[in-house]
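Hi everyone, thanks for coming. Please have a look at the sequence and the model before I start talking.

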Amino acid sequence: MVFLTSLQSIVPIVLLISLGYILKGRGMFNPSFSGNLSRFIMSVILPAGVFVSVLHHLRTSDLWDLRYGLLVVGITYAISYVIAYVMMKVLKVPPGRRGIFINMVVNDNCLFIGLPVQIALFGQDALPYFLLYYIGNTISVWMVGVFLIETDPLPDVTKDAYSITSPDQFRSTSGQNVPSSRINAGKVPSKRKFSWRQLLPPPLLGFFAALLFLFFDIPLAPILHNTLNYLGDMVTPLSLIYIGIVLHDAGLKSMKLNKDALGGIAGRFVVSPLIMFGVIFCLTHWGGVVMTPIEIITFVVQSAGPVIAVLPIVANESGADVPFATGLVTISTVLFVIVIPVIMEILTMIGIVA
């Protein structure tokens with residue numbers, strides 16, 4: 001039952017990625033389409049999606065009752081960033097992949113994949129606890145995760161170090177494809193400058209705006225609400241189609257399981273759930289925190305979700321390794337259907353799931 005439920009949630013995602021891959025292969029999208037699409041998603045659709053999601057699912061009256069859950073989520077994310085950084089150093093992840101790797105270990109696609117699976121498995125009773133994790137994940141992704149990717153672009157290169165493999169890209173001496181837009185007539189491009197706007201990306205601004213509407217009980221005109229809702233509904237399909245386009249451009253070889261990808265997958269599906277369970281165990285046994293079984297199950301299951309679907313888009317906007325990010329999203333999404341039944345079986349064995 002758990003396997004079939006997970007499969008029903010994952011198959012449409014894989015099909016949408018495949019659709020983008022096929023349409024790109026048939027020449028439906030011109031070379032500039034993917035870049036324009038990524039900016040559209042990041043600057044318009046995602047902020048709208050985050051805004052309406054918070055308004056739909058969160059109530060200010062719930063926050064105090066769920067304070068222990070917020071504590072668990074906050075501590076878990078803090079520890080996860082530290083461990084992910086250590087893993088990145090141990091594995092010697094190269095520049096351009098470091099921010100992506102840390103995001104792979106720490107942050108997951110809890111809203112667009114985790115929520116349908118959560119409701120299907122546990123019903124509406126799990127929704128308040130899911131929202132706690134969603135709050136932590138949203139803040140983590142758009143305040144910390146995106147910043148780490150923004151400050152870790154691929155190293156600047158000269159044209160002499162690359163051999164032409166197509167009109168639109170070069171291949172480095174190490175075999176890595178780099179868009180020709182990053183090559184500047186044989187000169188080293190100017191170093192990307194830090195901007196304080198990197199700390200407040202549009203999706204995070206959408207989250208903060210939604211909190212203001214909630215706390216001050218600001219009414220939202222139905223016409224505006226419906227418009228934002230329509231935009232928010234486009235996040236998942238367009239993001240997945242974009243992944244398919246990028247996967248086609250990068251080639252299926254981008255899904256190669258090298259040491260960086262294997263380390264990220266281990267961090268996402270093994271290390272992250274163990275950290276969450278360890279924090280819950282310590283706080284409930286030694287910290288006096290009381291948590292219900294459904295709350296524990298929700299947090300552990302959500303901590304093992306696949307990589308956020310917009311990771312390749314953020315990587316593209318930041319000049320990071322887009323093929324690497326695309327491969328991680330695709331692989332983790334496919335593996336998610338196997339991971340969830342395994343986690344549920346483990347939770348049943350230790351007596352948390354009845």
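**A walk through the helices**

Let's begin with helix α12, residues 293–302, which is mostly covered, since 8 of its 10 residues are buried. Buried means under 20% relative accessible area, exposed means over 50%, and partly exposed is in between, with a 1.4 Å probe and protein chains only. The buried ones in α12 are Glu295, Ile296, Ile297, Thr298, Phe299, Val300, Val301 and Gln302.

A quick word on what you are looking at: this is a predicted model, where local features need pLDDT of at least 70 and side-chain atom pairs count only at pLDDT 80 or more, while totals for chains, interfaces and linings use all residues. Residues are numbered from 1 along each chain as its sequence is written, and side-chain values use heavy atoms, with hydrogens and water left out.

Now the overall picture. The chain has 14 helices and 3 strands; these are DSSP runs, numbered from the N terminus, with helices being H or I of at least four residues and strands E of at least two. Of the chain's 354 residues, 51% count as buried.

Which residues touch the most other members of the largest nonpolar core? They are Val54, Val72, Ile100, Trp142, Ile280, Phe299 and Leu311, out of 96 residues in that core. By a nonpolar core I mean a set of buried Ala, Val, Leu, Ile, Met, Phe, Trp, Tyr and Cys residues joined through side-chain atoms within 4.5 Å. As background, nonpolar side chains tend to be buried together in soluble globular proteins. Take Val72: not counting residues up to four places away in sequence, it touches Met276, Val279, Ile280, Leu283, Met291 and Phe299. Contact here means heavy atoms within 4.5 Å.

Next, Ile265, which sits in helix α11, residues 259–286. Is Ile265 buried or exposed? At 11% relative accessibility, Ile265 counts as buried. Leaving aside neighbours within four places in sequence, Ile265 is in contact with Met104, Leu257, Val270, Ile331 and Leu335. The C-alpha atoms of Ile265 and Pro306 are 9.1 Å apart, although 41 residues separate the two along the chain.

Let's move to helix α13, residues 311–318, and its partners. The axes of α13 and α2, residues 33–57, come within 9 Å and cross at roughly 110 degrees. Axes are lines fitted to C-alpha atoms, for helices over the stretch in contact, and angles run from 0 to 180 degrees between N-to-C directions. Angles under 35 degrees count as roughly parallel, over 145 as roughly antiparallel, 65 to 115 as roughly perpendicular and the rest as oblique. So α2 and α13 are roughly perpendicular to each other. On the α2 side, Gly35, Ser38, Arg39, Ile41 and Met42 meet Ile313, Val314, Asn316 and Glu317 of α13.

What about α14, residues 322–349? The axes of α13 and α14 come within 8 Å and cross at roughly 175 degrees, so these helices are roughly antiparallel to each other. Leu311, Pro312, Ala315 and Asn316 of α13 make this contact with Val322, Ala325, Thr326 and Val329 of α14.

Finally, two loop residues. Lys92, in the loop between α4 (67–90) and α5 (98–106), has a phi near 55 degrees, a positive value in a residue other than glycine. Lys92 is exposed, with a relative accessible area of 68%. Asp217, in the loop between α8 (202–215) and α9 (222–233), has a positive phi of about 50 degrees although it is not a glycine. Asp217 counts as exposed at 66% relative accessibility.
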